[in-house]
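Good morning, and thank you for making time for this presentation.

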Amino acid sequence: MSRLEAKKPSLCKSEPLTSERVRATLSVWKGIVSSCYGPSGRLKQLHNGLGGCVCTTSQSSALLRHLSVTHPILKILTTSVQNHVSCFSDCGLFTAILCCSLIENVQRIGLTPTTVIKLNKHLLRLCTNYLKSEACGCRLPVDFGSTQILLCLVRSVLTSKPASMLTRKEIDHISALILKAFLLTIPENAGDHIILGKSIIVPLKGQRVIDSTVLPGILIEMSEVQLMKLLPIKKSGALKVALFCTTLSGDLSDTGEGTVVVSCGVSLENAVLDQLLNLGRQLVGDHVDLVLCQKVIHPSLKQLLSVHRIIAIDRIGVALMEPLSKVTGTQPIGSLGSISPSSYGSVKDLCTAKFGSKHFFHLIPNEATICSLLLCNRNDTAWDELKLTCQTALHVLQLTIKEPWVLLGGGCTETHLAAYIRHKTHNEPESILKDDGCTQTELHLIAEAFCNALESLAASLEHDGGEILTDMKYGHFWSVQADSPSVVNWPDLLSRCGCGLYNSREELSWSFLRSTRCPFTPQTCLPHEAAGSGSNLTVDCLTAKLSGLEVAVETANLILDLSYVIEDKN
């Protein structure tokens, strides 16, 4: 019997945030995510020292997926951000930076964690109530009768991901395609409860981005030789479709949900083949025009179907099964037995298509709630990043259906919110505290730390050493180039605020961000014409950003409340 190693005691560390090593780790992590933030964010190249693929990105979802985190506190933070991104797709970096900034700022104050957590919750409630209120000065309604705000939202997502390597013209083209793909997934006769379709992204690498397009229905990639073997169907009405989710190869290891009954002394292979041919004869008798199979179809069955001018396509793959079921209205068939008539579906038409060097079989549905986005980019790295960006944009468009509002982007919501919190805590502290045992002094200290975290988040958009200002009327974000003269007339250097809503020719006064200034009342209630003020606004998804704000504050509170970290070293 081998000698057993003695069990090591667990490692217990008290007050983990007082450790310089922990603070340094959080600081490094904040530096990584902050440097990725915004349209001019710096790219990160992630690869394993032992080999494998290289990921070039500035997106939180890709960054967190490829980073290996070992420190327990950092694991809490990254897991919270990943959970948020898995639900909302957007605002991952926003969440991570804000959480780190909150932890850093409140540590300098020296208040007890209980007091900090209690006041953070009050300030979070103040923020969410304001952002959801009609008086909010940094949100706009989404009008689904117009594409203007929706295009701004998609364009803002695309421009914030520089690793996609898109020009302005390409961004406009892809934005229009994403919006078209999204609109195609909305049923024409939508009631109170909308069931959205699906946009399938089809890769076409090595082609010009401008060659990307959207088609209703599903594209099934095939070789040119396979397409030439398929006989054209000439039929005036809809085409009858059978969809199989089991193998039709005759392989005994996978007979699906059915059973194969074999008499004694009979060849198993021949028995299964006979059952496949009987299945084929039923398909012929039921006047099926198109047979689609997730796995492999036996050559003899293919031959039988071809003789009766039935198109058979196999090796569809599991990814297309759900969209195919929706497009055709079929119930996927999982056995080799008799087929129920209700299992069949139909398509309006089918044809072949060629894009670049690839050939496709195009299924055109009766009602187009499934579409294919043929996405092109110059190389694999840029395409992978663009695909992730398009998925994010499609998701935030879906979120706007439930909450048809957007927040002003470009750092303006953060600076406006900071100005609003300072105003409320200095002028109406009683409405926030509500006899919970905290003093106004403690409230002012935590509010300043909270506002500084929001302003630090906005300042993370500047990566070239420029100056950040905020105006004293709206509380919006303004950026000045690094080489600007020290004594200037600000309107001569500033053009528009970060979100693009206001220009510098209005009668405004500015101050440097995070400089000492008296609290002021930022103008609330945007004018009605703001939503139509221009097509180049930078906006963010309200739902995603609200969730990111809540996750950041709650995660910071959780980490601040940690008294011990216990690690099992066995």
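**The cysteines**

Cys55 is buried, its relative accessible area being 11%; here buried means under 20% relative accessible area, exposed means over 50%, and partly exposed lies in between, with a 1.4 Å probe and protein chains only. Before I continue, please note that this is a predicted model, in which local features need pLDDT of at least 70, side-chain atom pairs count only at pLDDT 80 or more, and totals for chains, interfaces and linings use all residues. Residues are numbered from 1 along each chain as its sequence is written, and side-chain values use heavy atoms, with hydrogens and water left out.

How many disulfides does a search of the whole structure find? The search finds 0, where a disulfide is a pair of cysteine sulfur atoms within 2.5 Å. Cys351 is partly exposed, with 30% relative accessibility.

**A tryptophan in a helix**

Let us turn to Trp383, which is found in helix α12, residues 380-402. Helices (H or I, at least four residues) and strands (E, at least two) are DSSP runs, numbered from the N terminus. Trp383 is buried, at 4% relative accessibility. Leaving aside residues up to four places away in sequence, Trp383 touches Ile201, Val202, Pro203, Leu204, Lys205, Leu375, Cys376 and Asn377; contact means heavy atoms within 4.5 Å. Pro203 is 180 residues from Trp383 along the chain, yet their C-alpha atoms are separated by 8.0 Å.

**The whole chain**

Contacts of this kind can also be considered for the chain as a whole. Among contacts in the protein chain with a separation of 6 or more, 75% join residues 24 or more positions apart. The chain has 570 residues, and buried residues make up 50% of them. Its secondary structure comes to 17 helices and 20 strands. Taken along the principal axes, the C-alpha atoms fill a box of roughly 90 × 75 × 45 Å.

To close, let me return to the cysteines: the search of the whole structure finds 0 disulfides, and Cys55 is buried, whereas Cys351 is partly exposed.
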